[in-house]
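Dear colleague,

I am handing over the structure below, and after it you will find what came out of going through it. Please read the notes with the structure open beside them.

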Amino acid sequence: MKLDVIKLDSGKAGSIDLADDVFGLAPRGDILQRVVRWQHAKAQAGTHSVLGKSDVSYSTKKIYRQKGTGGARHGSKKAPTFRHGGVYKGPTPRSHAFDLPKKVRALGLRHALSAKATAGELVIVEDLNLADAKTAAVAKAVRENGWKRVLVIDGAEVNEGFARAARNIEGVDILPSIGANVYDILKRDTLVITRAGVEALEARLK
């Protein structure tokens, strides 16, 4: 697959051959769904917690005698049937993460990149160098290229000047190639990758 390469100021910068096994696959929604679900489960805090019968602060004294009251038999008021009693089998802190094979994760990233390329939402730029690395200059480049919600993926190291200038611009996110992931790619309308980023991704996914 061949794509045109542009500069941030919309000028031409030649073309690039993209690996078909990374950018040219037929996107599979089932694989993308598995990887996104894995990412969300891994990110979930799992701090949900309630007080059980042994955790609530209450007297453990038997509330009334065992027999002769005509009522049900009870011990302390910590039982779940009483107001302010403990919760029965409530949620406890735990990890929601589950294992997903590395091959499936890598395949998911390939399909996410291919989905953007197939939809025409993939843009390749020469680099992120700007003569004037200011927020106004980055905002102008984003506006002139028609990018609204965009993810920019650079090489092994993110261009610090561009990252600093773009951090206050709404809808612009920047990641190094090692940080590229399925959820962030699919969440944005446009995916912008530098030439160095393409080389790093192809080396990572070979």
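Which helices and strands do the buried residues of H3 pack against? They pack against the helices H1 (20-23), H2 (29-43), H6 (182-187) and H7 (195-205), and against the strands S3 (122-125) and S6 (190-194); contact here means heavy atoms within 4.5 Å, and buried means under 20% relative accessible area, exposed over 50% and partly exposed in between, with a 1.4 Å probe and protein chains only.

Before going further, please keep in mind that this is a predicted model, in which local features need pLDDT of at least 70 and side-chain atom pairs count only at pLDDT 80 or more, while totals for chains, interfaces and linings use all residues. Residues are numbered from 1 along each chain as its sequence is written, and side-chain values use heavy atoms, with hydrogens and water left out.

The chain has 7 helices and 6 strands, taken as DSSP runs numbered from the N terminus (helices are H or I of at least four residues, strands are E of at least two). Along the sequence they follow the pattern β-β-α-α-α-β-α-β-α-β-α-β-α.

To return to H3, its 17 residues (102-118) should span 24 Å at 1.5 Å a residue, and this agrees with its end C-alpha atoms, which are 24 Å apart; the expected span is 1.5 Å times one less than the number of residues. The buried residues of H3 include Val-104, Leu-109, His-111 and Lys-116. Just after H3, Gly-120 takes a positive phi of about 75 degrees.

The loop between H2 and H3 also deserves a look. Most residues other than glycine have a negative phi. In this loop, however, lies His-84, which has a positive phi of about 70 degrees and counts as exposed because its relative accessibility is 52%. Lys-89 lies in the loop between H2 and H3 too, with a positive phi near 55 degrees, and its relative accessibility of 71% makes it exposed. Asp-99, in the loop between H2 and H3, is exposed with a relative accessible area of 78%, and although Asp-99 and Trp-38 are 61 residues apart in sequence, their C-alpha atoms are 7.8 Å apart in space.

As for the chain overall, its C-alpha trace spans about 95 × 35 × 25 Å along its principal axes, and buried residues make up 37% of its 206 residues.
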